Amino acid sequence: MVARLVIAAPSSGAGKTTVATGLMAAFAGRGLAVSPHKVGPDYIDPGYHALATGRPGRNLDSYMCGTGLVAPLFLHGARGCDLAVVEGVMGLYDGAADQGELASTAQVAKLLKAPVVLVVDASSQSRSVAALVHGFASWDPEVRIGGVILNKVATDRHEHLLREALGESGVPVLGVLRRAPAVATPSRHLGLVPVAERQAAAVEAVAAQAEQVLAGCDLEALLALARSAPELHAEAWEPAVAGRLHAGGSVIPTRSAPRNDRAPRRVAVAGGAAFTFSYAEHAELLTAAGAEVVTFDPLRDEALPEGTSGLVIGGGFPEMYGEQLSANEPLRKAVAELAASGAPIAAECAGLLYLARSLDGNPMCGVLDADARMSQRLTLGYRDAVAIGDSVLAPAGARMRGHEFHRTVIEPGAGATPAWGLRQPERRVEGFVRGGVHASYVHTHWAGSPEVAARFVEHCA
């Protein structure tokens, strides 16, 4: 049994990330092994969770991975831990557009049989807080709201009024947090600034969040609530097992360990401040398929890791580092040469921009005959995708679910062979398949389609 809590809120901006990260750090500071999780496709918050706990921040996305994998992936991440803290997404009952409760925090809490702690921004209310909490607690009887943490409370008098109002609600107050500028995390066009871009400041912010939680929350009551969660009747996800089975259950060509007749195939994965978006399960699946995964930093490294036979370039913020990426001409040439050799390259969003001819006028790798630039328009949402043609990731006709999140435009938006045909919110094709290159704006979670990693590694031969 894994003790667990889901940290949710009535809406975005209430302070979920501050409270969840502060709780993770506070419990870890007490010597507990804390497993950090995030509902939805967000890459940035898990970076702060990892900083707070010393463990990889993991996502639980029932849209991209399916409802059946939420508990197994949770148990995989929580192995050997004393406590798991799951940060929600948006408002408690908000999920994928036009999909009911799918991908909502409420759905994940039900799948995990986990009690929910509701974080309420109390800055502009007093007695009304009771009606708000009552409404959320009674909306879905399968969602167990075990307590509330009041955030942005102004004064002792304000706290008294809030506690008095909630006294008759039946939902206990488990914490009261004052306004505290020190715990704030700066944001920009796609949300919080990632940890990798502000390491020292991020460490200080997480420490301040832990101090705020220690001062204002009843950790013993929160731990007792977490331990009241019932047993989960599910098996922990295993990358080696998942890599041998596709969604239909039939065996696909892959290996759970490197073959004895040759060295593992080396897959280089872009990292550093410009490429911070990745799911931990991707590297685990690649390793299970027989690859040796090596991380490199396109901002600093002038060559790909020696012996690279495949390249994965995930998401991030190349638009913030266009000049530096462009200035690293030796690496840009190395990437172009690898692509010309036919080696498999999987690029998502930031990776797509890096493979383009230019980004905001700065020369990039030139693998794709396309140019990218920043845009004022936010592209955001889940995607239901179909592979247009065979590629190193999927055969023609294969379906995957993904997510788009960017403020950039690439022209043209698709190559002669697009990567995906998208079915929502509007029908269109996008991305590029060219030789061994698969480049697209769509972020995917390979745990939902583990055959992707196996197929990629096989193409590394």
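These legends describe close-up views of a predicted model. Local features need pLDDT of at least 70 and side-chain atom pairs count only at pLDDT 80 or more, while totals for chains, interfaces and linings use all residues. Residues are numbered from 1 along each chain as its sequence is written, and side-chain values use heavy atoms, with hydrogens and water left out.

View A. Strands are DSSP runs of E with at least two residues, and helices are runs of H or I with at least four, numbered from the N terminus; two strands pair if DSSP finds at least two bridges between them.

**View B. Strands 10 and 11.** Strand 10 (residues 265-270) pairs with strand 11 (residues 291-296) in the parallel sense over 6 bridges. Opposite Ala268 stands Val294 of strand 11.

**View C. Strands 20 and 21.** Strand 20 runs antiparallel to strand 21 (residues 437-440), joined by 3 bridges. Arg434 has Val437 of strand 21 as its bridge partner.

**View D. The largest nonpolar core.** This set of 70 residues consists of buried (under 20% relative accessible area, 1.4 Å probe, protein chains only) Ala, Val, Leu, Ile, Met, Phe, Trp, Tyr and Cys residues joined through side-chain atoms within 4.5 Å. Among the residues with the most contacts inside the core are Phe74, Leu112 and Phe456. Helix 3 (residues 70-77) gives the most to this core, with 5 residues.

Note on methods. Buried < 20%, exposed > 50% of the residue type's maximum accessible area, 1.4 Å probe, protein only.
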